Amino acid sequence: MNSLDPRVNRLPQLNEAISTKAPLDQFGTYEVFVQPKEGKPFQHEGIVHAPNLELAWVLAKETFTRRFTCVSLYVVDTRDVYVSPLTEGDKNVYDVLPQVAEQSGSKKNFEIYHLVKRGKQHVHVGTVQAVLPQEAMQLAGKQFNNGKVVFNVWAIATDTIRFTNDEEKELWLTLPEKKFRDASDYKGGDKLKEFLEKR
Amino acid sequence: MNLALKELLYKMADDQLILGHRNSEWTGFGPILEEDIAFSSMAQDKVGQSLALYTLLQTLGESDPDTVAFTRNANQFHNCILVELPNQEYDFSLIRHFLFDTAEALRFEALGNSSYEPLAQLARKIRGELRYHTLHANTWMKQLGSATEESITRLQNSLQIALPYALGIFEPSPYEAELIDQKIFTGEVALKEKWMAKVESVLNQTQLHLPDWKTITPVYGGREGKHSEHLQPLLDEMSEVFRIDPSAEW
Amino acid sequence: MYGGGNTFEGLKTDSLAQEDPIRLAAFEARIARGEKIEPTDWMPQLYRKQLIRMIEQHAHSEIIGALPEGTWITRAPGFKRKMSLMAKVQDEVGHAQLLYSAAETLGKSREQMVDDLINGKSKYSNIFNYPTFTWADCCFISWLVDAGAIVNQLANAKGSYGPYCRALERICAEESFHLKYGHHCVIYLASGTAKQRQMFQEALNRWWPPMMHFFGPSDKISAHTEVLMRWKVKMGTNDEMRNQFLDMYVPKIWELGFTIPDPSLKKNENGKWQYTEPDWEEFKRVINGDGPCNKERLEVRRIAEARGKWVREALKTPKMSYATPLA
């Protein structure tokens, strides 16, 4: 190619004709949750495409936490998130959840997320112990349903999550110093003023 | 002490700048969007680290970072040849990232105890960035290095090409003894030993084959300004706008 | 970065007759109340289709939009500009990532969208089919094309679809860096040497016509979009967006002493800007593939896809099946 972009001029020629992409020429999706500060809850931020949980975590780090502040991050396979129905208006989702009988079997931890305003993010409210995710939601209803309308609940088995380990917390050490990614680093006011005064 | 220290700082800064520059060429061309973003962040880290090192050099009497980075010619650069090689396909870029960043992380780890305190501080500050770079590199190596015949073959071929240049990272320094005596740095020889062990331990978790180190002839020259034909065009490109008027503010 | 305008042509509203009237009424009432629509809500087919189309085009505009500025990524002058431009172009890739994900919640996979882009089936913002001849062109984009995009995106962030709003909220926060960075670059060119000033004036001359095209055809000739306005898919008319952009940025360009290449440009007493009608024939020609860089832009994306294929193939596992992202 004869391009103005020297990088493009270095690209190899494409030998094959354009064909339709093979179905699923893409990776699975993983949901990404970020904790902006110690003491603040984790919040859903979006998804990444990745071949597996470990790479999802590695890729989520720069996709979602290269700005602002971050102290921890975790990811989970989209299919491992158990999702409640979605309500609207003043209908609390906990009032419409189907009743589940108490299960026998070994209990495990579930992370519970609430959507309290449509259009906003799902936010972590706590952890419950249950056998099934349906049961976890029901328990969450008893513990975290404080009368405020909740439109949607997610329950995620804790053992399906790739967490940030303690050693990895240093990954965000220099984040506050990467000012070149922030608007605040581009103050042109003085230069502009000087220029206008000269004209 | 000054000459030895400057030599060390220059070669590290030049390595980081040139590889950061090379890696930034992938922006918008990566194999998946998320990897495109991650690779770009690491390129930004590298350029940022080079800036920090050139800034240390400025305090030692060298010119300002922009002048140093954007106006020298190839024979005045002290980077190893590995970092100036063209990106080629993603397999080569990944292998280079793995081999170089493994060395860089170990180098800064050692420098965390340097008697030259400003460098020790920098090393401690950026340890998180380096941890991410090696985690990223190791994760991809382990996965692509054990995936399909194509991915293994590609990485193996790139490994064969890159290894002689990677050994060039540790090109003997005329100041080696001085740096060690003054406890500025533990030296290239010690670094190389650690690096070889680390590279082996990661590659052992893949289906990639590491040739006997004794059979690999290192490619030297970069540290004393003798470069491949690829560096001068890279510098010409990098400074194209800057050189329109080096006295102008851009 | 994203321009409006090319999104809603050929809209057929008669398909609404097929929809369940009770659900449709509830859906419209929810939007009227100002509540957002989330992925698992019932929605009319037309809403889903138009949103996919709009968000997908927006995503394509970001990934293609990384190319004209990427042209200068290896040549940015000095450390500060070098790191800023790397971060800025990276953000465009990041925006594409966020937007493809938002579109995916509506049921179209990323691979299908990418396929439609590289096969020329989907559109993207027209302005990225123009070349960046000098560093100053790159600065024009960072400042003014991003400024135009922010006008669009701030409006769209008040739209009705939750995942798109969430993505835009994040995008707008990042765009504020782009805008300030771009303005910073242009202030330095303006207050610099004669050569620097000349570089930006020439870039402005080249980019003004595509910038006026950016917001899409004039309301007089563009497709009717009442239903999309009611559903808060489209949040303002093309002319409203264009006027808002002119109102905010023409004074800033003039302040720097540059000449905008349109002798008719002025603000009327009613607060509306008057300008020479852009050449809509050229706009159509470029959108339909005959611009200076259309071929290169798509070819670069095709090469990137082809080169990355072995990576994606290598790590595809048999148990991998497609899951629609949640939010």
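Chain C comprises eleven helices and two strands, where helices (H or I, at least four residues) and strands (E, at least two) are DSSP runs numbered from the N terminus. The model is predicted: local features need pLDDT of at least 70, side-chain atom pairs count only at pLDDT 80 or more, and totals for chains, interfaces and linings use all residues. Residues are numbered from 1 along each chain as its sequence is written, while chains are lettered from A and ligands numbered from 1 in the order in which they are written.

**Fold of chain C**
- Read from the N terminus, the elements follow the order α-α-α-α-α-α-α-α-α-β-β-α-α.
- Of the contacts in chain C with a separation of 6 or more, 80% join residues 24 or more positions apart; a contact requires C-beta atoms, placed from the backbone, within 7 Å.

- Along the principal axes, the C-alpha atoms of chain C fill a box of roughly 65 × 60 × 35 Å.
- Buried residues make up 55% of the 327 in chain C (buried: 20 or more other C-beta atoms within 10 Å of the residue's own, with C-beta atoms placed from the backbone).

**Interface of chains A and C**
- Contacts link 46 residues of chain A with 55 residues of chain C.
- Elements of chain A that give two or more residues to this side include helix H1 (6-9), strand S1 (28-35) and helix H4 (189-198).
- S2(A) gives the most, with four residues.

Technical notes: Contact = placed C-beta atoms within 7 Å. Buried ≥ 20, exposed ≤ 12 C-beta atoms within 10 Å, placed from the backbone.
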